[in-house]
Amino acid sequence: MAKQPVSTGQFNLARALIWVFVRFDGRISRQVYWLGNAALFAISAIFLRPTVDADTGAVALHLNSFGYMMIFAAMASSLAIGAKRLHDFNISALFTVVLVLPASSVLATLVIGLVPGTPGANRYGVATDRMP
C-alpha cells in the first residue's frame with residue numbers, strides 16, 4: 001500500500017507547533033503564551049509520579065530518566081515561548097533570564113502574560129502569531 005502524502009494543513013500545523021515550542025524568533029499573543037504554557041504544564045505533569053509518605057503525609061514527586069528529559073525540553077520550550085512574548089513588547093529575548101530567576105519568575109510571567117504587547121509592527125515582526 002502506498003504511503004499517503006502529508007496534507008498541506010498537517011504540514012502547516014507541524015510547522016506552527018515547531019515555531020511556537022522550539023524557535024525563538026517572532027512574536028506571540030497573550031492567548032498563545034498562556035495556551036503554550038498550559039500545554040507544557042500538562043505534558044510535564046504526565047511524567048510526574050506523586051508518592052505520599054505514610055508516616056508524615058508529605059507528598060514527593062518522582063521522575064524517571066525520560067521524565068527528566070521531558071521536563072528539560074519543556075523548560076527550553078517555555079523559554080522559547082517567553083522570548084516570543086517578550087518580542088511582542090519589543091524587548092530582547094535576553095530578558096528571558098527573569099523567567100528562570102525564582103525571585104522574579106512569577107511576577108514576570110504574570111506581567112508578560114497579562115499586559116498587551118506593542119500594537120502594530122516592531123523590530124521582531126509585523127504582528128503577533130505570525131511565523132517569520
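Me: What does the lining of the largest pocket have by class: how many nonpolar, polar and charged residues?
Reply: That lining has eleven nonpolar, five polar and no charged residues. Nonpolar here covers Ala, Val, Leu, Ile, Met, Phe, Trp, Tyr, Cys and Pro, charged covers Asp, Glu, Lys and Arg, and the others, Gly among them, are polar. This is a predicted model, where local features need pLDDT of at least 70 and side-chain atom pairs count only at pLDDT 80 or more, while totals for chains, interfaces and linings use all residues. Residues are numbered from 1 along each chain as its sequence is written, and side-chain values use heavy atoms, leaving out hydrogens and water.

Me: Which residues lie nearest the centre of the largest pocket?
Reply: Those are N37, L40, A74, M75 and S78, out of 16 lining residues. A pocket is an open set of points on a 1 Å grid over the protein atoms alone where a 1.4 Å probe fits, with protein on both sides within 12 Å along at least five of seven lines, and lining residues have an atom within 4 Å of a point.

Me: And which helix gives the most to that lining?
Reply: α2 does, with six residues. Helices α2, α3 and α4 each supply at least two of the lining residues. Helices are DSSP runs of H or I with at least four residues, strands are E runs of at least two, and both are numbered from the N terminus.

Me: Staying with α2, is S44 buried or exposed?
Reply: S44 sits in α2, residues 30–46, and is buried at 14% relative accessible area. Buried means under 20%, exposed over 50% and partly exposed in between, with a 1.4 Å probe and protein chains only. Beyond its neighbours within four places in sequence, S44 is in contact (heavy atoms within 4.5 Å) with I71 and A74.

Me: A74 again! Which residues make up the largest nonpolar core?
Reply: There are twelve: W19, V20, I28, Y33, L40, A74, I81, L86, F89, L99, A108 and I112.

Me: What does L86 touch?
Reply: Not counting residues up to four places away, L86 touches I91, S92, F95, T96 and I112. I112 is a core member too.

Me: How about W19, buried or exposed?
Reply: Buried, at 4% relative accessibility. W19 is in α1. Leaving aside neighbours within four places in sequence, its contacts are D25, G26, R27, I28, K84, D129, R130, M131 and P132.

Me: New topic: where does L63 lie?
Reply: L63 is in the loop between β2 (59–62) and α3. At 22% relative accessibility, L63 counts as partly exposed. Its touching partners are F47, L48, Y68 and I71, not counting residues up to four places away in sequence. L63 and R49 are 14 residues apart in sequence and 6.4 Å apart in space, C-alpha to C-alpha.

Me: Last one: where does N122 lie, and what does N122 touch?
Reply: N122 lies in the segment after α4 and counts as buried at 14% relative accessibility. Residues up to four places away in sequence aside, N122 touches R27, H87, D88, F89 and N90. R27 is a contact of W19 as well.

How values were computed
Core = buried A, V, L, I, M, F, W, Y, C linked by side-chain atoms within 4.5 Å.
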